[in-house]
Amino acid sequence: MPHYLSDEELTRTAPAEVASFASPVPTQIVSNGEFIPLPQTRDQQRVEARIKELADGLGPRHGMDRRQFLASSAGMAAAFLAMNEVFGPLFDVSAAEAQTPGVANQRAGALSKQFIIDAQTHFVRDDFNQAGLLDLAKYAKQNWNPSLWGENTLARFKFENYLKEIFVDSDTKVALLTGAPFDDPTWDFLTNDQIAMARASINKISGSRRLLAHSVFTPKKANWMDEVDRCIATVKPDSWKGYTIGDPLFPSKQQSYWRLDDDKLMYPFYEKISKAGITTVCIHKGLLPADYEKSWPGVWEYNTVWDVGKAAKDWPKINFVIYHGALRPFLEKPDDALAEFEKSGRIQWATDLAEIPAKYGVKNVYGEVGTSFANSAVANPRFAAAFVGTLVRGLGSDHVLWGTDSLWYGSPQWQIEAMRRLEIPAEMQKKHGFAPLGAADGPVKTAIFSRNSGRLYRIDVKTAQGDITGDKVAAIKAEYAKLGGMRSNARYGYVHRVTA
């Protein structure tokens, strides 16, 4: 989790763990250090205020104080009630879940065994040593919160906390651990070997296949195909991860951007991985700011889906998974994007992705929703509905993958609940030809949560569910709950500083 914020930019932020309200669902945008977080919107302020009112009013009915209530299933329901009051009835939640003891727990218990595969998760390596990441935490402990933990370490972003946030504090059953390339390798989260070591450790501890592993590939960098050969032989990744944009934070100084359909550069790679039987390729696309044509001149096109269709058509046995659903809007409120969608029926770059199967006659293109769903669900859930609806309509419900980009956003449970409860408004369905998303455990959401990734990663869900139910991680989670363990509702990174 690198931070590229300048000293001046840091003065406009505050640590999310201290400065943000510990709501079950975030009430403002959290930055992982790659960008300045947007200020809390008026609607988000209204949601936060209403959640506080509900917590103070309903907590005593459950024999809980505010903190306990907000960490409970009833508190999670209250957060979605508040969001419905502000944004409209987009989430399936009843007042009884928040008001009546036992109702929310019953629902949560019934869904707790739902098989969920998170196709995009992160933590940082043990020797990640970019001290700038800790500057705000140190300042916060000195000036705001003396009890703040870990201000001199990166423990909150590392292996042990990853286990807790992903597998104990959420209903995630299997996760895919990924990495990213940077022009400066000291910013790399994890090496390919470290990703594989984490997979081996977690799966050995658990006694089941809980963790999947990427190997990051870096076309145009020296000896990159040698690294691919080494990974095939010794690392044995479950799939591959690439960034056509090069360095994902700034226009690459090494001109390391490339195209998926570059037949001279990339087609030998596809041939090699096809022979090795590791045929799923995950590609970062989208997430550029509104001024991308000026701030990323001559580079931004490489983050569009301009190269996906031809590559997919030429290599039908390769599965191309496009991360973030190629959603372009980033570092901005989704309100303008929603207004554009309401007028034109299109979402920048995400609609382009969704149209590829029909345009090219291919069935090997997938969309993953990490970060894009999280930020839009928090800032404007109506846009989140339009985004998911667009991907499902174009790619098919059998080609959309669940991913959260956690643990940057803390435990992914709130994102899971948001997807479980989200429904596309009836008038939006009718106007844009969207099918309903349906029940939390219905066919569409089941496909998104597990069936699609299960197919790509050769996971038989029924068998895996049986293995996981009795593994060591499940036992740890059960003991944690028995001892009264609660989600911290912590987010890691930065929020916009409130000014007088």
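## A first look at the chain

In the protein chain, 78% of the contacts with a separation of 6 or more are between residues 24 or more positions apart, where contact means heavy atoms within 4.5 Å. This is a predicted model, in which local features need pLDDT of at least 70 and side-chain atom pairs count only at pLDDT 80 or more, while totals for chains, interfaces and linings use all residues. Residues are numbered from 1 along each chain as its sequence is written, and side-chain values use heavy atoms, with hydrogens and water left out.

The protein chain has 23 helices and 12 strands; these are DSSP runs numbered from the N terminus, helices being H or I with at least four residues and strands E with at least two. Of the 500 residues in the chain, 60% are buried. Here buried means under 20% relative accessible area, exposed over 50%, and partly exposed in between, using a 1.4 Å probe and protein chains only. The accessible surface of the chain is about 19,700 Å², and carbon and sulfur atoms hold 53% of that. Such areas come from the Shrake-Rupley method with a 1.4 Å probe, and for residues only the protein chains shown count as cover.

Let us turn to the rings. The structure holds 22 aromatic pairs. Rings of Phe, Tyr and Trp (its six-membered ring) pair if their centres lie within 6.5 Å; planes under 30 degrees apart count as stacked, over 60 as edge-to-face and the rest as tilted. One of these pairs is Phe-217 with Phe-269, which is stacked, at 4.5 Å centre to centre and 25° between the planes. Phe-217 sits in the loop between β4 (211–216) and α11 (224–235), while Phe-269 belongs to helix α12 (residues 267–276), so this pair ties together parts that are 52 residues apart in sequence. Phe-217 and Phe-269 are both buried.

Phe-269 also pairs with Trp-240: the ring centres are 5.7 Å apart and the planes stand at 80°, so this pair is edge-to-face. Because Trp-240 lies in strand β5 (residues 239–243) and Phe-269 in helix α12, the pair ties together parts that are 29 residues apart in sequence. Trp-240 is buried at 1% relative accessibility, and Phe-269 is buried at 0%. Phe-217, Trp-240 and Phe-269 are among the members of one aromatic cluster, which also includes Trp-224, Trp-258 and Phe-320.

## Charges over rings

Two rings have a charged end sitting over them, which here means NZ of Lys or CZ of Arg within 6 Å of the ring centre and within 35 degrees of the ring normal. The charged end of Lys-220 sits over the ring of Tyr-257, 5.3 Å from its centre. Likewise, the charged end of Arg-259 sits over the ring of Trp-306, 4.2 Å from its centre.

Strand β2 (residues 117–121) has five of its five residues buried, so the strand is largely enclosed by the rest of the structure. It pairs with strand β3 (residues 174–177) in the parallel sense over three bridges; strands count as paired if DSSP finds at least two bridges between them. Thr-121 has Leu-177 in β3 as its bridge partner.

Val-281 is part of strand β6 (residues 280–284) and is buried, with a relative accessible area of 0%. Which residues does Val-281 contact, leaving aside its neighbours within four places in sequence? Among them are Phe-217, Trp-240, Phe-269 and Phe-320. Val-281 and Phe-320 are 39 residues apart in sequence, yet their C-alpha atoms are 5.1 Å apart in space.

## Helices and what covers them

In α11, the buried residues are Trp-224, Val-228, Cys-231 and Val-235. Seen down the axis of α11, they fall within an arc of 90°, so they line one face of the helix; the arc is that of the directions from the helix axis to the C-beta atoms. An α-helix has 3.6 residues a turn, so residues three or four places apart point the same way. The cover over the buried residues of α11 includes α10 (192–206), β4, β5 and α12. Just after α11, Lys-236 takes a positive phi of about 55°.

Helix α16 (residues 350–360) has buried residues including Ala-350, Leu-353 and Ile-356. Their cover includes α14 (308–314), β8 (319–323), β10 (365–368) and α18 (381–395). In helix α21 (residues 443–456) lies Ser-450, which is buried with a relative accessible area of 4%. Beyond its neighbours within four places in sequence, Ser-450 is in contact with Phe-115 and Ile-117.
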